[in-house]
Amino acid sequence: MSILRHKHLFIYHKYWDFDGDGCITWDDFNLMAEKYAVYQRRGKYEQDVVDRWKKIVKTWWDSLSSQADTNKDAQVDFDEWLKYFDNLSNTTKIYKDLPEFLQNFTQLYFITLDYNKDGLFDIKDYRTYLANYNMDVTRAEECFSYMLNDADWANGGKMTRERFNFLVYDFFVSKDPNSPGKYICGPFDSFSVQELESKIKRK
């Protein structure tokens, strides 16, 4: 089992398969739009805001599906998803090489995780994030410290947005089991491969 597969099994189910049916479709992006619209309005559901978000994430879905949905069945199954990111691993070198929708997702991801809105990502943000997403909070210190480099430590153990972007890119594409960004989306290896594989929709 490659680490790339394990990481992507984790985020495929944790972040993108919103309805939990084992595959990614436009329905999941619709639900994503509603989530971010409600987040923006601090818990309120406002249809005009939801509609604006749907227009945004429609461009994300179109970008992903046009490249990843190779059999054109209006869904991106996990094998297609993994092949898509494996290709990015082979054809990109830096964060700015990612497709625009993944860069936009990463920017939004940072905003939603920067809980105190200081423009930095620290252990308190990470711990809160793990708790909110029902992940293993007892591993927060271990996983966060693992990702810090000398510049982060010199900055009080806090990551800049640029450093955060680099680590998300590393998570997306690295096949190195010791890559620095492997825990940026959480302690993925607290979830067994077997558990994650069982959630995949089989054709």
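Are Y183 and F188 buried or exposed? Both residues are buried, where buried means under 20% relative accessible area, exposed over 50% and partly exposed in between, with a 1.4 Å probe and protein chains only.

The views below come from a predicted model, in which local features need pLDDT of at least 70, side-chain atom pairs count only at pLDDT 80 or more, and totals for chains, interfaces and linings use all residues. Residues are numbered from 1 along each chain as its sequence is written, and side-chain values use heavy atoms, with hydrogens and water left out.

View 1. The structure holds 28 aromatic pairs. The ring centres of Y126 and Y129 are 6.2 Å apart and the planes are at 45°, so this pair is tilted. Rings of Phe, Tyr and Trp (its six-membered ring) pair if their centres lie within 6.5 Å; planes under 30 degrees apart count as stacked, over 60 as edge-to-face and the rest as tilted. Helices (H or I, at least four residues) are DSSP runs, numbered from the N terminus. Y126 is buried at 0% relative accessibility, and Y129 is buried with a relative accessible area of 0%.

**View 2. The aromatic pair Y183 and F188.** With ring centres 5.8 Å apart and planes at 35°, the pair is tilted.

**View 3. Helix α9 and the charge over F171.** Helix α9 covers residues 161-173; its 13 residues should span 18 Å at 1.5 Å a residue, and its end C-alpha atoms are 19 Å apart, which agrees. The expected span is 1.5 Å times one less than the number of residues in the helix. Ten of the 13 residues of α9 are buried, so the helix is largely enclosed by the rest of the structure. Among them are F164, L167, Y169 and F171. The cover over the buried residues of α9 includes α1 (3-16), α4 (78-91) and α5 (100-113), with contact meaning heavy atoms within 4.5 Å. The charged end of K7 sits over the ring of F171, 5.2 Å from its centre; this requires NZ of Lys or CZ of Arg within 6 Å of the ring centre and within 35 degrees of the ring normal.

**View 4. K72 in the loop between α3 and α4.** Most residues other than glycine have a negative phi. K72 has a positive phi, near 55°, and is exposed at 56% relative accessibility.

Terms used. Helix = DSSP H or I, 4+ residues; strand = E, 2+ residues; numbered from the N terminus.
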